[in-house]
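Q: I would like to learn how to read a few features of a protein model. Please take them one at a time.

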Amino acid sequence: MKIIKILYPAFLVGILLSSCEDYLDQAPEAVIDEKDIFSNVLTYQGYVEDIYQGVVDVTIGGQVDINFNFGDDVICSKNTSLDKAFDRGDNWAWMRGGESPYLGNQNYANDNERSDTRGIWDSGWGGIRKANIGLNKLDDLVNATNEEKKLIEGQLYFFRGYYHYDILKSWGGIPYVTEVFLPSDEMRLKRLTYQQTADSIANDLKKAIELLPVNWDQTEMGQATNGQNKGRLVKGAAYGYLGKNYLYAGSPLMNGSTDTDGYNLDYCQKAAEAFAEVIKLADQGVYELLSWEKYSDNFYRMDQVSPNSKEYVFNNPSFGFPDKKDGGKMWERGEFILLQLQGYGCVASPTENYVENFGMANGLPITDPNSGYDPNNPWLNRDPRFYYNIVIDGERIVKKNAGADTYAQFYIGGRHRDPSVNVSTGYIHKKFRDITCNKFDKGWGNWRGHNWNWECPNMRLADVYLMYAEAVNEVLGPDGSINGGPTALEAVNIVRQRAGIPDVAPQYHLDKNALRQTIRQERAVELAFEAHRYDDLRRWKLASLPEYKEKYALEFDKEHTYFKKVLFATRVFDEKHYWLPFPQEQVNLYPELQQNPGW
């Protein structure tokens with residue numbers, strides 16, 4: 001999403017306890033005081049749009065040796081990457097500012113042109129403070145129509161809820177901050193439970209839903225930027241995060257359940273109702289699943305345009321600045337480009353156990369005796385999404401003739417298989433790039449005339465269908481439907497049909513338990529490498545089970561005369577690892593802010 005600024009000066013606001021005296025620092029060319037900012041709709045909206053900039057871009061990290069897939073899905077070739085630290089059980093590593101999406105790159109913290117300076121923790125609390133300041137100043141907005149006031153207020157309520165949610169899902173229950181604190185204030189807000197925090201988030205998102213439009217182009221305020229409003233907050237985004245907030249609150253981990261099927265049905269009901277509203281908007285043409293032929297438009301474009309398809313329900317702003325060598329997103333390409341193709345020596349190799357989630361073209365999982373899966377020819381007749389996502393041995397990886405680098409050599413002893421800098425498991429992934437994005441074809445363009453823009457959308461419609469299916473299935477089973485939406489089974493099939501996959505076979509939706517497993521596998525396939533897997537495994541209370549801690553590679557020779565699944569790494573993941581630790585210096589501020597158990 002590219003946010004089109006109505007007001008160009010950036011108003012920078014400190015995080016939770018910043019000085020109130022400098023929270024409206026202005027660009028040097030701006031001569032404007034606080035009253036002017038909050039009394040005029042254009043300047044007020046300019047203030048609000050700065051809050052958009054805190055939404056974390058999960059496609060890019062502070063350093064080139066980072067990826068955002070922290071579950072059982074990949075093995076990174078760099079020991080300094082955050083997923084390797086998590087594998088070692090070192091969750092304190094989230095505070096390493098150069099390598100963490102949770103903290104952001106503190107080496108460039110004051111560079112607003114770098115996407116990697118945003119972090120879930122610091123940008124989240126900063127966004128909450130900015131939203132609270134904006135809400136407290138609404139009475140000062142006198143030069144605005146009723147519609148304009150509603151649009152500004154709706155955005156502020158959304159962001160206060162959204163940023164709390166983004167922190168909540170990783171750290172658990174937190175204080176819900178609705179005040180603007182001064183440095184002299186004594187803050188003694190206690191941690192709420194997960195559900196209490198989620199309920200407060202829901203209240204803010206419901207207010208946002210009442211105030212936000214379906215389409216900014218259909219508002220008077222939106223006419224100033226007509227046709228360029230894609231990415232501004234709308235009802236669909238608020239409904240989407242209301243549903244996701246409820247679904248997480250209803251998931252096994254958040255309920256304190258010891259079972260992986262221990263859902264809270266009241267929260268699941270509320271989640272399904274919210275997701276049903278997004279699906280209604282899709283039925284009205286507001287959102288749509290892209291055709292399979294245009295599927296890649298969800299993730300990258302090769303025409304100097306940032307991806308922002310009608311499948312997007314919500315996404316971070318587009319932060320790419322190709323004129324700056326270290327700041328342009330197209331150059332942060334280490335995760336899925338081999339060293340020989342001008343990658344940076346940090347390849348995230350999909351694990352064999354994760355790749356096995358991809359079923360067959362006939363719609364059956366590879367474990368089904370009737371699937372036709374051949375362990376001696378494991379890449380034959382697989383789900384089309386397998387071939388879209390996964391690069392396999394012998395596949396062409398450069399369009400031009402690049403000699404030994406024209407085709408993938410992932411076999412044992414092959415040119416591209418080297419766990420220290422390249423392929424660890426026998427695969428790389430390619431979801432976010434065209435084949436020409438390499439130093440030979442140069443499909444990414446040059447420093448200033450770049451072609452390749454890629455995104456990992458925060459929420460897209462396929463995700464909504466699968467979350468809706470999950471929530472409905474828990475409440476009513478496979479054939480249940482809520483608020484006129486599809487049945488849980490139909491919602492899963494809608495996503496599969498786009499890729500040309502047959503509907504779920506009867507034996508995999510006989511009851512709630514069967515469809516639950518199908519939905520979880522479908523999420524692994526459809527949302528592969530989109531930074532959902534780690535949180536899914538956590539909320540389902542699966543991450544501590546042995547089969548999800550083990551990461552496997554596939555060994556094979558050049559002629560493919562054998563294939564051997566071998567254990568590559570075992571993750572350290574105990575009960576305490578389900579939640580990130582709070583910074584100890586902040587826990588020490590006052591006793592009501594308690595540390596997560598085990599840390």
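A: Start with L135, which lies in helix 4 (residues 120–136); helices (H or I, at least four residues) are DSSP runs numbered from the N terminus. This is a predicted model, in which local features need pLDDT of at least 70 and side-chain atom pairs count only at pLDDT 80 or more, while totals for chains, interfaces and linings use all residues. Residues are numbered from 1 along each chain as its sequence is written, and side-chain values use heavy atoms, with hydrogens and water left out.

Q: Is L135 buried or exposed?

A: Buried means under 20% relative accessible area, exposed over 50%, and partly exposed in between (1.4 Å probe, protein chains only). L135 has 13% relative accessibility, so it counts as buried.

Q: Which residues is L135 in contact with, apart from its neighbours within four places in sequence?

A: Contact means heavy atoms within 4.5 Å. On that basis L135 touches E153, L156, Y157 and R160. For L156, 21 residues along the chain from L135, the C-alpha separation is 6.6 Å.

Q: How many salt bridges does the structure hold?

A: Side chains of opposite charge can pair when their charged atoms come close. The rule is a side-chain nitrogen of Lys or Arg within 4 Å of a carboxyl oxygen of Asp or Glu. The structure holds 32 of these. In one of them, K130 meets D50 at 3.1 Å, N to O. That pair links distant parts of the chain, with K130 in helix 4 and D50 in helix 2 (residues 41–52), 80 residues apart. Both K130 and D50 are buried.

Q: Which parts does the salt bridge between R188 and E592 tie together?

A: The closest N and O atoms of R188 and E592 are 3.0 Å apart. R188 sits in the loop between helix 5 and helix 6 (194–211) and E592 in the segment after helix 16 (584–587), so the bridge ties together parts 404 residues apart in sequence. R188 is partly exposed, with a relative accessible area of 38%, and E592 is partly exposed at 27%.

Q: How many disulfides are there?

A: A disulfide is a pair of cysteine sulfur atoms within 2.5 Å. By this rule the count is zero. As for individual cysteines, C76 counts as buried because its relative accessibility is 0%, and C437 is likewise buried, with a relative accessible area of 0%.

Methods: Helix = DSSP H or I, 4+ residues; strand = E, 2+ residues; numbered from the N terminus.
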